[in-house]
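Take a look at the structure below before reading on.

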Amino acid sequence: MDEVTMRLWRGDRSGGAHQEYRVAAQEGEVVLDVVHRIQATQAPDLAVRWNCKAGKCGSCSAEVNGRPRLMCMTRMNTFPAGETITISPIKAFPPIKDLVTDVSFNFEKAKAVPAFKPGPKEADGTRRMFQEDVDRVQEFHKCIECFLCQDVCHVIRDHPENQPAFAGPRLFVRLAALEMHPLDTNDRLELIKQQAGLGYCNITKCCTEVCPEGIKITDNAIIPLKERVVTEYHDPVIWLVRKVRGQKR
Amino acid sequence: MAVADRYETHEYDVVVIGAGGAGLRAAIEASAQGAKTALVCKSLLGKAHTVMAEGGIAAALRNVWQEDSWQVHFRDTMRGGKLLNNWRMAQIHAQEAPDRVLELEEWGALFDRTADGLILQRDFGGHRYARLAHVGDRTGLEMIRTLQQHAVHKGIDVYMECTIQQLLKDGERIAGAFGYWRESGKLVLFKARAVVMATGGIGKIYKITSNSWEYTGDGLAMGLDVGADLIDMEMVQFHPTGMVWPPSVRGILVTEGVRGDGGTLKNSEGRRFMFDYVPEFFRAETAETEEEADAWYMDKTRRRTPDLLPRDEVARAINAEVKAGRGSPHGGVFLDIAARRDAEYIKKRLPSMYHQFKELADVDITAEAMEVGPTCHYQMGGLRVDADTTATTVPGLFAAGEAAAGLHGANRLGGNSLSDLVVFGRRAGLYAAEYAAGLSGSAAVDDGEVEAAACAMLAPFEAEGGENPYAIHADLEACMHELVGIIRTESELLRALDEIGRLRERAKRVSVQGNRQYNPGWHLALDLPTMLTVAEAVTRSAIERRESRGGHTREDYPTTDRDFGQVNVVTRRVGEEIRVCQEPLPEMPDELKRILEEKG
């Protein structure tokens, strides 16, 4: 029977290294299947997150041969036969153990987002929204929170010191979803510009490239948000109107 | 080390265990009622099984069909459940589901829209009218994210990657819950006045399942251990359409929405075999020929296609076709939507199905048929609850969602799960908070009991050279799949009981490698007794019900039996033993009986 060779990162916060495992190959498998078989037969304490095994929950993010991927959606037959496959935890967040990382950054940032706040209902007591008005926001709602976009964003990947001042692509998608929600009335521009650090993003589109849901993060979420910030803060006409009326942002 | 130094302690009015739809909704409600509330979950927040729900949430909103009403939804639910349902739960569910869906919209959920801007509803098996509010085929994701974000904004304390292993009592009433942090392996005690079980189902005792690792029946086993009743444990739903190939994805769900949106089932001869499997119970409302069924897609006032019979019927039919040698190459049948719908329609309505087959099976569902077969999907049985308050038979213990039983009877209709989660999740939070507020003084936890639990949890580290927990789990899955699967018979069920007994002995000798930090082998070792308890409850209940009904099919008792239609099979722990008995269903009031008797 064919064998596959996998190099899995084993370690914790204090450090670690890749360790080699050989297991029998089986038809039609994905990377996560092989990791599970290693766990069941050779490394029972191998730490890995997973839930749905169908690309819907975003738990099993890792770097497979250096590329950020969902292990459950990466088929083994996409690699040349005999190639050693190297799996590392996502790099942008601190390791906890083996392939599991500390992604609490994302949950903390989410707490700071001002909640959805709908305006009044229609006169007949309903909420009317048309499909074409919700299509874009539904695209953002496809996000499975795998945090691969966060992982590749060089603002935090290469510069962890930016993390306090930068929310990252996942949160920009979330903010865009709220800002473009047809019913929402809350104001988040201050947060987007200041605490979320939208200005750090220089639209290299790395996040869009790795999104397993195909969300056009840069084009559809980040750039429109940047435009809103520019209009609100730097449009001279709006600035003048505010000055005259004594309004503050 | 002193007992109290071995674990951290938190104190709450209400502790909700499980953060899927039911747990989140319960926590939101308990917190809104002023109770100090904790939400404890085994995974990261937002990853619970609800995220995988695809087709939609059933509610008689009447946006597509004015004729719909709670009465029709109630009738569909009861008939789908083969009348074994708790009538009051079915009534409350049908009445409150529309409000809960609209509430999700108020909290930011964006369902697909009708032409005049309201929530669109789709057809599903067993529902007379197009009733399922949905977002393409990722409705569960929309729901869990909406609830998650709402809960976060309400400031509810969330304990992620924290597993509860045991409930604690003060006399007869609940006093707390004890468990461990998955990350550090450190032990944690929650003192609580009330606990809500929202731990979901039991699919991980089966080999082929649509369920994730979390579905080990924790809430059921923990409830049973502190004296709560379980009912209907023999009622396990095998969803008719799981993926069958490649082997690694076997069991992954293919939404019923495929059939709701026009997909039909065919055997290897190209025949639409469901016409051969229409039971008497549904004959009056089901189309008899392909022409008649096809006409229904255009005119929904016609009789429905048998492809959309309730799940138990379709799963049995597929099983029979495969057994008769008319299956697909990989042991399923064909599900074809490409023949009726164009590529654009399919990609818009079923984007994640398209993606899933393309990525995992190299199948383009807009051009070719899918191969599908039954997969263990849902447990109708679970903790016995009071219909209005969700209180179990143990004071202070409440249950909602898949962990609770009664609403779905012998078989759940698609779409009735998401609505169940929010209707009864809300009620669980409400009544748990009310109960907690009515208690004076804090509950006393017995240090000795906690210490004993701690020792038991750490025991697998003491043993060396013992059994591999993964191997025992695989053997349990195989045993349940082969002997307590879709079609059951007494001799096999008895063999399963013997095997479960042997597995229990092996589980006592389990040993784990490594340390307590994020150690899945240890976690699984702790889940084994839980899964074995649940497996035994399913098997004993399946032996007790000597008839075929809904999710329980007996080869040796192939028909429904009038007397068994009047009883629940109840599971209780008596000392070390798990025992089952029959108890009468609650009596339905006459006005609801009349709704059921109306012609469909």
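How many residues does the contact take from chain A, and how many from chain B? The contact takes 46 residues from chain A and 46 residues from chain B. Keep in mind that this is a predicted model.

**Where the chains meet**

Look at the side of chain A that touches chain B. The elements of chain A that give two or more residues to this side are α1 (31-41), β6 (95-97), α2 (104-111) and α3 (131-141). The largest share comes from α3(A), with five residues. The table sorts the residues of this side by class.

| Class on the side of chain A that touches chain B | Count |
|---|---|
| nonpolar | 22 residues |
| polar | 11 residues |

**Chain A as a whole**

Chain A has 10 helices and seven strands. Its C-alpha atoms fill a box of roughly 75 × 45 × 30 Å, taken along the principal axes. The chain has 249 residues, and 46% of them are buried. Now take the contacts in chain A between residues at least 6 apart in sequence. Of these, 63% join residues at least 24 apart.

**Two helices in chain A**

Two packed helices are described by the angle between their axes and the distance between the axes. Helix α6 (residues 169-179) and helix α9 (residues 217-234) of chain A give an example of both values. Their axes come within 9 Å and cross at roughly 65 degrees. Angles of 65 to 115 degrees count as roughly perpendicular, so α6(A) and α9(A) are roughly perpendicular to each other. The crossing of α6(A) past α9(A) is left-handed.

Which residues meet here? From α6(A) come A:Pro169, A:Phe172, A:Val173, A:Leu175, A:Ala176 and A:Glu179. From α9(A) come A:Ile217, A:Ala221, A:Ile222, A:Pro224, A:Leu225 and A:Arg228. By class, this contact has 10 nonpolar, no polar and two charged residues.

**The largest nonpolar core**

In soluble globular proteins, nonpolar side chains tend to be buried together. In this model, the largest nonpolar core has 260 residues. Which of them touch the most other members? They are B:Val14, B:Val16 and B:Val196. Helix α16 (residues 520-544) of chain B gives the largest share of this core, 12 residues.

Terms used:
Residues are numbered from 1 along each chain as its sequence is written. Chains are lettered from A and ligands numbered from 1 in the order in which they are written. This is a predicted model: local features need pLDDT of at least 70, side-chain atom pairs count only at pLDDT 80 or more; totals for chains, interfaces and linings use all residues. Two residues are in contact if their C-beta atoms, placed from the backbone, lie within 7 Å. Helices (H or I, at least four residues) and strands (E, at least two) are DSSP runs, numbered from the N terminus. Ala, Val, Leu, Ile, Met, Phe, Trp, Tyr, Cys and Pro count as nonpolar, Asp, Glu, Lys and Arg as charged, and the others, Gly among them, as polar. Axes are lines fitted to C-alpha atoms, for helices over the stretch in contact, and angles run from 0 to 180 degrees between N-to-C directions. Angles under 35 degrees count as roughly parallel, over 145 as roughly antiparallel, 65 to 115 as roughly perpendicular and the rest as oblique. A crossing is left-handed if the near helix is turned anticlockwise from the far one by less than a right angle, and right-handed if clockwise. A nonpolar core is a set of buried Ala, Val, Leu, Ile, Met, Phe, Trp, Tyr and Cys residues joined through C-beta atoms within 7 Å. A residue is buried if 20 or more other C-beta atoms lie within 10 Å of its own, exposed if 12 or fewer, and partly exposed in between; C-beta atoms are placed from the backbone.
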